[in-house]
Each structure stands twice: as C-alpha cells, then as structure tokens.
Amino acid sequence: MAYRWTNTLSAQDVTPEAVFLNRRQLIAGAVAGLGLAGTGMPARAETLEPNSWEDITTYNNYYEFGTDKGDPARNARMLTTKPWNVTIDGLVDRPGDYGFDEIMAQMTVEERIYRFRCVEAWSMVVPWNGFELADLLALAGVQSGARYVAFETVLRREEMPGTRYPVLDWPYVEGLRLDEALHPLTIMATGIYGRDIPNQNGAPLRLVVPWKYGFKSIKSVVRITLTDTEPPTSWNRANPREYGFYSNVNPEVDHPRWSQATERVIGGGLFSPRRPTLMFNGYGDEVAGLYQGMDLAKNF
Ligand SMILES: Nc1nc2c(c(=O)[nH]1)N[C@H]1C(S)=C(S)[C@@H](COP(=O)(O)O)O[C@H]1N2
Ligand SMILES: [Mo]
C-alpha cells in the first residue's frame with residue numbers, strides 16, 4: 001500500500017505539477033490518507049484531492065501584502081527570501097541564527113497532503129512539502145522548562161505594502177503549546193506540489209498546523225522562541241472575543257459573526273454545496289488527546 005506521506009523528497013527535488021498529477025493517478029485507489037510514521041497510527045482510508053496550483057497560489061491571506069485575496073500573489077514578488085535566517089532562541093540549548101540552507105541540509109522533506117481550513121469558513125486541500133517542526137526544534141535543543149513556542153513573521157515595511165496600514169500590530173506573531181508544536185502533524189512547509197513555496201504562501205518557510213484555523217499557520221518565519229508562558233498572537237491581540245489562542249477547527253464553536261458548522265470548498269465552483277466542517281479539521285484521531293479534559297468552547 002502506498003502511503004503518500006512517506007514520499008520523501010530531498011530539498012533539491014523538483015516535481016512539476018504534471019508529474020505529480022500523473023503519480024497521483026498511478027496510486028489512485030491506494031490509501032492516500034494519513035498515517036504517522038513510526039507512531040503506529042493507522043492510515044485513514046480516504047483520498048484527498050488537492051486543489052490546483054492556481055487555487056492555492058492566487059487565493060491567499062497574507063495581510064502584510066494587502067487584505068484582498070489577490071493582493072499577495074500580486075505584491076509578494078518583491079519579498080526577498082534569499083538569504084534567510086531563522087533565529088531560534090529562548091529556552092533552548094543552542095540559541096542562534098540558523099540559515100535556511102543549513103536547516104534544509106539537516107531536515108527530511110516529506111510530502112503532506114493536508115486539509116486547510118480558514119477561520120473565514122472556506123477550505124482547500126494542499127500538497128505541502130516540508131519537515132516536522134519537532135525536528136527543527138531538536139536542532140536547537142528544547143530545554144525542560146519550555147512550555148510554549150512563539151513564532152514571528154519577517155517585517156520589512158519597504159517590501160510589504162500592507163504593513164503601512166495598522167490592520168494588525170506588525171510583525172505578525174503566533175504561538176503553540178509545546179506539545180502541539182512537537183506533534184508529528186505540525187510541519188514547517190517549504191514547498192507546494194514539489195516546487196519551492198511561492199512568496200504569497202509564506203516563502204521560504206511557514207508553519208502548517210492542519211487541525212487549527214489557517215491563521216495559526218504563520219508565514220515567512222524569522223524567529224522561533226521557546227518560552228514558559230503563553231505567547232501573544234496577532235489575531236487574539238486584535239480581537240480577543242473572536243480569536244482565541246487555541247483556534248482548533250470546531251464545527252460546534254461558532255465565530256461570533258458567523259457559523260463554523262459548514263465550509264465553502266475553494267475550487268468547487270460557484271454552485272458547489274457547502275460541506276460540513278470536521279472536528280479538528282478531520283484530524284481528531286491524531287490530536288483530540290492533546291485537549292482531553294479541556295472545555296473547547298472556553299479554550300477556543
Ligand atoms: N504572516 C502572516 N501569516 C499568515 C497570514 C497573514 O496575514 N500573515 N494569514 C493567515 C491566514 S488567515 C490564513 S487562512 C493562511 C493562508 O495561507 P495560504 O495563503 O497559503 O492559503 O495564512 C495565515 N498566515
Ligand atoms: Mo485564515
């Protein structure tokens with residue numbers, strides 16, 4: 001049986017979309033859902049049909065480049081992504097600036113086909129390439145006192161026209177509990193469809209946490225800080241009534257201004273029906289245990 005998630009690519013591999021689609025046809029009928037390497041978790045018998053490159057790279061949220069869905073594709077080309085450093089600091093044994101190439105040389109890049117659900121109640125399926133965040137954190141050596149991970153997006157006002165407006169308190173920041181960050185589903189994505197991740201999707205590396213609303217998946221990360229207290233997050237700071245720290249996809253907890261019970265599938269066409277939102281975006285078997293005993297309506 002072919003498990004799609006076990007397909008590993010080296011950082012240099014380039015798979016044109018046509019080849020990718022071809023390969024997908026070859027393994028049609030195989031279990032293409034998700035299993036977790038080494039964890040003994042079963043693969044789910046489900047085929048996720050990824051959205052097109054076009055959908056994924058032209059319908060974006062990246063407010064540093066403007067608030068319209070088409071703004072990032074137009075404006076993010078001016079973002080300089082080479083050279084790129086990620087500062088890893090706080091409660092780690094080896095704090096410092098880690099170069100992107102130095103990181104990639106030590107990471108195993110895999111293909112992960114994940115559902116992606118925005119808090120705005122639309123969804124896509126994206127074939128990411130990336131590596132587990134846990135592996136990157138291991139490079140820096142997480143200390144025993146660490147309980148949370150804070151992330152920061154690059155802020156270059158001259159390259160990011162949206163940052164002239166106080167839509168959010170720049171730079172964009174996000175955070176995870178340490179166990180969420182170390183979960184094998186949590187990746188740093190560096191590609192889509194086997195190509196380098198486009199600037200509008202968060203080049204050269206962005207977080208992807210598939211069971212949480214899209215805004216947790218912070219783009220173009222330049223800083224990762226291990227802390228012992230819950231870090232601030234941009235959307236929570238902007239509107240704490242509407243956006244919590246956890247932001248797990250949950251059909252039963254509505255946004256104050258709209259229902260989260262259903263979602264619009266991007267690329268489904270004008271008249272495509274909405275579909276039911278899945279608890280934890282369909283990853284409940286893998287992640288529900290992280291929230292055992294928590295009231296998810298209070299910890300939204
Ligand atoms: N730095 C930064 N990261 C961000 C955002 C943003 O505006 N700035 N938008 C978030 C939101 S709301 C979503 S839905 C996803 C969108 O990712 P995509 O454009 O790759 O689909 O990125 C998230 N990460
Ligand atoms: Mo979003």
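## Glutamate 120 and its partner

Let's start with one side chain in this predicted model. Glutamate 120 has a relative accessibility of 30%, so it falls into the partly exposed class. Its partner is lysine 69: the two form a salt bridge, and their closest N and O atoms sit 3.1 Å apart.

## The chain as a whole

Stepping back, the protein chain is built with eight helices and 13 strands. It has 300 residues, and 56% of them count as buried. If you take the contacts with a separation of 6 or more, 71% come from residues 24 or more positions apart.

## More salt bridges

In total, the structure has 14 salt bridges. One of them pairs lysine 216 with glutamate 174, at 2.8 Å from N to O. This pair links distant parts of the chain, 42 residues apart: glutamate 174 belongs to strand E7 (residues 173-177), and lysine 216 to the loop between strand E10 (206-208) and strand E11 (221-227). Are these two side chains in buried or exposed residues? Lysine 216 has a relative accessible area of 0%, so it is buried. Glutamate 174 comes in at 1%, so it is buried too. Elsewhere, salt bridges with shared partners bring Glu110, Arg112 and Glu132 together in one network.

Another salt bridge joins arginine 156 and glutamate 159, and here the closest N and O atoms are 2.8 Å apart. With a relative accessible area of 13%, glutamate 159 is under the 20% cut-off, so this residue counts as buried.

## Around ligand 1

Now for the ligand. Which residues are closest to ligand 1? They are Asn60, Tyr63, Glu64, Thr153 and Lys219, out of 16 residues that surround it. Sorted by type, the shell has seven nonpolar residues, six polar ones and three charged ones.

In the side chain of asparagine 60, an N or O atom is 2.8 Å from an oxygen atom of ligand 1. Threonine 153 places a polar side-chain atom 2.9 Å from a nitrogen atom of the ligand. With serine 217 the backbone is involved: one of its N or O atoms is 3.0 Å from a nitrogen atom of ligand 1. How much of the ligand does the protein bury? Taken alone, ligand 1 exposes 530 Å², and the protein buries 97% of that.

## Serine 123

One last stop is serine 123, which you'll find in strand E5. Its relative accessible area is 7%, so it counts as buried.

What does serine 123 touch, leaving aside residues up to four places away in sequence? The list is Phe116 and Arg117, plus Glu263, Arg264, Val265 and Ile266.

Note on methods: Residues are numbered from 1 along each chain as its sequence is written. Chains are lettered from A and ligands numbered from 1 in the order in which they are written. This is a predicted model: local features need pLDDT of at least 70, side-chain atom pairs count only at pLDDT 80 or more; totals for chains, interfaces and linings use all residues. Side-chain values use heavy atoms; hydrogens and water are left out. Helices (H or I, at least four residues) and strands (E, at least two) are DSSP runs, numbered from the N terminus. Buried means under 20% relative accessible area, exposed over 50%, partly exposed in between (1.4 Å probe, protein chains only). Contact means heavy atoms within 4.5 Å. A salt bridge is a side-chain nitrogen of Lys or Arg within 4 Å of a carboxyl oxygen of Asp or Glu. A residue is near a molecule or strand if one of its heavy atoms lies within 4 Å of it. A polar contact is a pair of N or O atoms within 3.5 Å; within protein, one must be able to donate a hydrogen and the other to accept it, and residues adjacent in sequence count only if both atoms are side-chain atoms. Accessible areas come from the Shrake-Rupley method with a 1.4 Å probe; for residues, only the protein chains shown count as cover. Ala, Val, Leu, Ile, Met, Phe, Trp, Tyr, Cys and Pro count as nonpolar, Asp, Glu, Lys and Arg as charged, and the others, Gly among them, as polar.
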